[in-house]
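Please keep the sequence and the structure in view while reading it.

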Amino acid sequence: MLPDPHSLSGPLDPAPEAGWTDAPPRMGFFTDTSVCIGCKACEVACKEWNDVPGSGLDLLGMSYDNTGALTANSWRHVAFVEQPRPAGHRSPPFAGTPTGGSVSASSAAVAAGVGNPTGTEPGVPPGAADAAARMAAGTGAGPGTGAGAGTGPAGTSTAGRTGGPEFLGMPGAQPPGRAGGAEGRTDFRWLMMSDVCKHCTHAACLDVCPTGSLFRTEFGTVVVQEDICNGCGYCISACPYGVIDQRKGDGRAWKCTLCYDRIGAGSTPACAQACPTESIQYGPLDELRERAAVRVATLHERGVPEARLYGHDPGDGVGGDGAFFLLLDEPEVYGLPPDPVVTTRDLPKMWRRAGLAALAMAAAAVAAFVGGSS
């Protein structure tokens, strides 16, 4: 029987290829990052169910991300990506915000009349209503006047302004950066994503494992048998996503099992069960792909053109992932490779080249021997 032409790359149903007969539908994850709130319930549920050692207790200076990456002790990793950007850029909800000024000379005068001590020195003494009104209007006399006219930020004129502190107005009702016109406002967003092992169709980690510790389940997922793992580390360098890791003091490789024990009993994986927004969805992979396509189309209709799927295509470099994602930016923003390729795809070509090189060396050795004897 000839091997499947897609046994190392391309579309494939992995469970029958691994020898499973009458295998159930392939199961997987669809993670919709557009509804992820970064609560980390998935991380906690994963650790509790799988008895994964504690981690993520360090402040990394990466927003609220305190695990940093997928490791042997973090089988789920919630990434926080902070993105400050102009509000007019892909932010339709703020397009209709009023653009008028937020401070007038009269309101500044009223505000300056508050005489309660604040414990600070704001630059304008409480009760100096006339000075506050002049500063808000940008004119008036005071210490430092007569210094001449000039230009301020963005080319604004400073003619007639006082040389003392400038009254900037009371805090507005809008969040910082939302006052003024749409061009001048700034927005801020978090991109949050719960990352996990992709359970690739073509899993290089499984291909290079010398002990059979990694195996393909009847659900198409990839699981590590820790009691067989010898800690060689081949799988770590083979994974195109950098998912697998060795545990310190242990030496063995660990990663997400997609809760093989739970799905074998008909239950939902712990992370998907705990997700409060259904950002992590579990089910038959074909149904998840259809659902994801509908979700992307809906987001495009709602003015989110940057929404895209990642890891869903059976024709990509790993034959499609068993755990794929809806992203709101480029994959690199989330720390994902833009075009992952299974590292064992070129093995046949490499073996052929190695064989040709060996034949060439043998021919050269025979030629040298024959030539030397003659």
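The protein chain contains ten helices and ten strands; helices (H or I, at least four residues) and strands (E, at least two) are DSSP runs, numbered from the N terminus. The model is a predicted one: local features need pLDDT of at least 70, side-chain atom pairs count only at pLDDT 80 or more, and totals for chains, interfaces and linings use all residues. Residues are numbered from 1 along each chain as its sequence is written, and side-chain values use heavy atoms, with hydrogens and water left out.

**The chain overall**

- Of the 374 residues in the protein chain, 37% are buried, where buried means under 20% relative accessible area, exposed over 50%, and partly exposed in between (1.4 Å probe, protein chains only).
- Among contacts (heavy atoms within 4.5 Å) between residues at least 6 apart in sequence, 64% join residues at least 24 apart.

- Strands of a sheet pair through backbone hydrogen bonds, either parallel or antiparallel.
- Four strands form an open sheet in the order 8-1-10-9, and their pairing is mixed; two strands pair if DSSP finds at least two bridges between them.
- Strand 8 (280–284) and strand 9 (308–310) each have a single partner strand and stand at the edges, so one side of each is left without a neighbour in the sheet.
- On average, neighbouring strands of this sheet are turned by 25° against each other, direction ignored; axes are lines fitted to C-alpha atoms, for helices over the stretch in contact, and angles run from 0 to 180 degrees between N-to-C directions.
- Helix 9 (residues 285–301) packs on the sheet and touches strand 1 (27–32), strand 8, strand 9 and strand 10, and its direction makes about 135° with that of strand 8.
- Strand 9 pairs with strand 10 (residues 323–327) in the antiparallel sense over three bridges, and Arg308 has Leu327 in strand 10 as its bridge partner.

**Strand 1**

- Six of the six residues of strand 1 are buried, so this strand is largely enclosed by the rest of the structure.
- Met27, Phe29 and Thr31 point one way from strand 1, whereas Gly28, Phe30 and Asp32 point the other way.
- Strand 1 and strand 8 run antiparallel and are joined by five bridges; the bridge partner of Met27 in strand 8 is Pro284.
- Strand 1 and strand 10 run parallel and are joined by four bridges; Asp32 stands opposite Leu326 in strand 10.

**Helix 2**

- Helix 2 (residues 41–50) has Cys42, Glu43, Ala45, Cys46 and Lys47 as its buried residues.

**Ser213**

- Ser213 lies in the loop between helix 5 (204–208) and strand 4 (214–216).
- With a relative accessible area of 2%, Ser213 is buried.
- Leaving aside neighbours within four places in sequence, Ser213 is in contact with Val223, Val224, Gln225, Ile228 and Cys229.
- From C-alpha to C-alpha, Ser213 and Asn230 are 8.3 Å apart in space, while they are 17 residues apart in sequence.
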